[in-house]
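Have a look at it first, and then follow along.

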Amino acid sequence: MLQGLPTRSSPYRSDLPTRRTPLASAGVSPEPSARATLVRALVASTYLPTFLAEIGVGAILPLLTLSLLDFGSPATVASLGVGLYSLGRLIASPFVGALVERLGSTRASMAALGLLGVGALACAAAPGVLPFLAGAVVFGAGHAAVHVSRQAQVDDLVADHQRARALTTLAGLWRVANFVGPLLGAAVIVAVGLSWTYVMSAGFIAAGMVALRLAPAWRRRHYRHAPEHRVGLAEVVRHTAPTLRTLGIAVVLTGALRQLRNVVIPLWGAHLGLDDHTISVIFSISAAVDMVLFVPAGYVMDRWGRKWTAVPSSLLLAAGTVMLLGTSDALGLAIAGMVLGLGNGWGSGVLMTLAGDVAPARGRAMFIGLWMALQDAGGLLGPVLLSVGTAIAFPLGFGAAGVVGVATAGAMMRWIPPWRLRETPAAGPSA
């Protein structure tokens with residue numbers, strides 16, 4: 001019987017044993033050649049494939065709501081498009097960790113990208129609402145699998161004291177892709193129509209698969225420091241239950257708040273009578289603000305602690321959502337969207353970083369999958385809350401989203417552990 005699941009040493013738990021020694025050892029400043037090797041490994045196996053695939057994802061996310069509106073669905077149904085995408089993520093997340101443990105992070109990433117591409121093509125070919133919603137579920141499941149497996153790839157390579165910078169870089173690339181994706185999507189909408197944006201998305205996902213196949217990591221079937229003895233999902237849940245029922249609540253609320261951002265901009269834009277490509281451009285403006293903050297956010301988290309990004313991020317997302325209620329044109333929507341982008345960008349990578357901080361040494365990928373499932377549960381509940389609120393009175397759902405933001409900030413302040421900066425060398429790759 002397993003006597004416990006040790007947590008890797010981190011600035012929170014510096015007295016506990018580590019699972020493995022990554023390329024960048026936690027106590028050693030890497031030589032320039034080792035630093036270059038680390039950065040090349042991250043770029044080839046994780047950053048480049050992620051960037052290409054996330055351009056496709058970024059093009060699709062703001063269109064899930066608009067596609068359902070084009071099918072003639074009312075706003076209360078259209079907001080559930082993103083909710084079912086989150087349902088797909090929720091279904092897949094707890095089980096992807098086991099896939100990573102068996103196949104290794106690189107091959108699990110390839111399988112995840114394949115599922116993501118199938119979901120995009122299913123949405124493109126959907127003749128009606130129900131097939132489209134099924135495609136959104138598959139797309140969400142693939143995206144969840146990509147998230148878990150790519151974090152496992154980073155975790156194999158990067159030391160604890162560099163975790164926030166490496167993961168915020170990953171999150172930053174996601175944000176850059178979410179800036180580029182909607183712009184390309186808007187151009188495709190104008191040129192050939194809304195459904196072809198999903199085909200473009202599948203093309204970028206396929207390019208990510210090619211990049212991953214060409215990466216040196218593909219030649220390693222298992223990741224470098226796989227545990228000798230695998231543990232079951234139930235055992236991971238049992239030993240991490242105190243964390244899941246406290247800090248996990250903050251993760252659920254954050255998931256709801258962040259997914260609401262993907263819904264409120266297009267939904268309010270449609271309410272104002274703006275056309276599809278204008279809404280897509282405004283979403284890109286929000287993403288542009290979002291993507292410039294990942295470097296300072298990573299530095300602040302590694303230097304002063306996770307609360308310094310998690311709490312302000314939640315409050316800004318709440319403020320931006322409530323600001324939408326006072327807008328009446330494209331300019332006002334763009335300004336509120338920039339506030340939402342500021343809040344989302346300042347929280348770049350914080351949930352992935354917290355997962356790495358508190359994950360056990362054994363069953364680590366499965367715990368990260370559970371962590372993602374909590375975020376996805378919030379992502380599912382957020383649009384449902386908005387849908388119920390708008391069914392009662394259209395502005396009510398947006399006000400409720402603001403309340404979720406304030407609650408998220410309070411939960412993060414309450415349950416993120418106190419920060420203890422370990423004495424580690426300032427030098428090292430920022431990935």
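**Entry 1: where H2 meets H6**

I began with a helix pair: in H2, Leu64, Ser67 and Leu68 meet Val129, Phe132, Leu133 and Ala136 of H6. By contact I mean heavy atoms within 4.5 Å. I sorted the residues of this contact into 6 nonpolar, 1 polar and no charged. For that sorting, Ala, Val, Leu, Ile, Met, Phe, Trp, Tyr, Cys and Pro count as nonpolar, Asp, Glu, Lys and Arg as charged, and the others, Gly among them, as polar.

A note on the source: this is a predicted model, where local features need pLDDT of at least 70 and side-chain atom pairs count only at pLDDT 80 or more, while totals for chains, interfaces and linings use all residues. Residues are numbered from 1 along each chain as its sequence is written, and side-chain values use heavy atoms, with hydrogens and water left out.

Two packed helices are described by the angle between their axes and the distance between the axes. I looked up both: the axes of H2 (residues 63-70) and H6 (residues 129-157) come within 10 Å and cross at roughly 170 degrees. The axes are lines fitted to C-alpha atoms over the stretch in contact, with angles from 0 to 180 degrees between N-to-C directions. H2 and H6 are therefore roughly antiparallel, a label for angles over 145 degrees.

**Entry 2: the whole chain**

I counted 17 helices and 0 strands; these are DSSP runs numbered from the N terminus, helices being H or I with at least four residues and strands E with at least two. Of the 431 residues, 58% are buried, where buried means under 20% relative accessible area, exposed over 50% and partly exposed in between (1.4 Å probe, protein chains only). For contacts between residues at least 6 apart in sequence, I found that 85% join residues at least 24 apart.

**Entry 3: the cores**

Which residues have the most contacts inside the largest nonpolar core? They are Leu64, Phe139, Tyr198 and Phe398, in a core of 76 residues. H6 gives the largest share of this core, with 12 residues. I also noted a second, separate core of 24 residues that includes Leu244, Leu351, Leu354 and Met412. A nonpolar core here is a set of buried Ala, Val, Leu, Ile, Met, Phe, Trp, Tyr and Cys residues joined through side-chain atoms within 4.5 Å.

I then followed Phe139: leaving aside neighbours within four places in sequence, its contacts include Val57, Ile60, Tyr85 and Leu116.

**Entry 4: single residues**

Thr46 sits in helix H1 (residues 32-60). Is Thr46 buried or exposed? Thr46 is buried, at a relative accessible area of 0%. Beyond four places in sequence, Thr46 is in contact with residues including Arg150, Gln153 and Leu170. Thr46 and Leu212 are 166 residues apart in sequence, yet 7.6 Å apart C-alpha to C-alpha.

Gly83, in helix H4 (residues 80-103), counts as buried at 2% relative accessibility. Leaving aside neighbours within four places in sequence, Gly83 is in contact with Leu380 and Pro383.

Gly128 lies in the loop between H5 (105-125) and H6, and with 15% relative accessibility Gly128 counts as buried.

My last stop was Thr246, in the loop between H9 (233-244) and H10 (247-271). Thr246 is partly exposed, at 27%, and its C-alpha atom is separated by 9.1 Å from that of Ile416, 170 residues apart along the chain.

Notes: Parallel < 35°, antiparallel > 145°, perpendicular 65-115°, else oblique.
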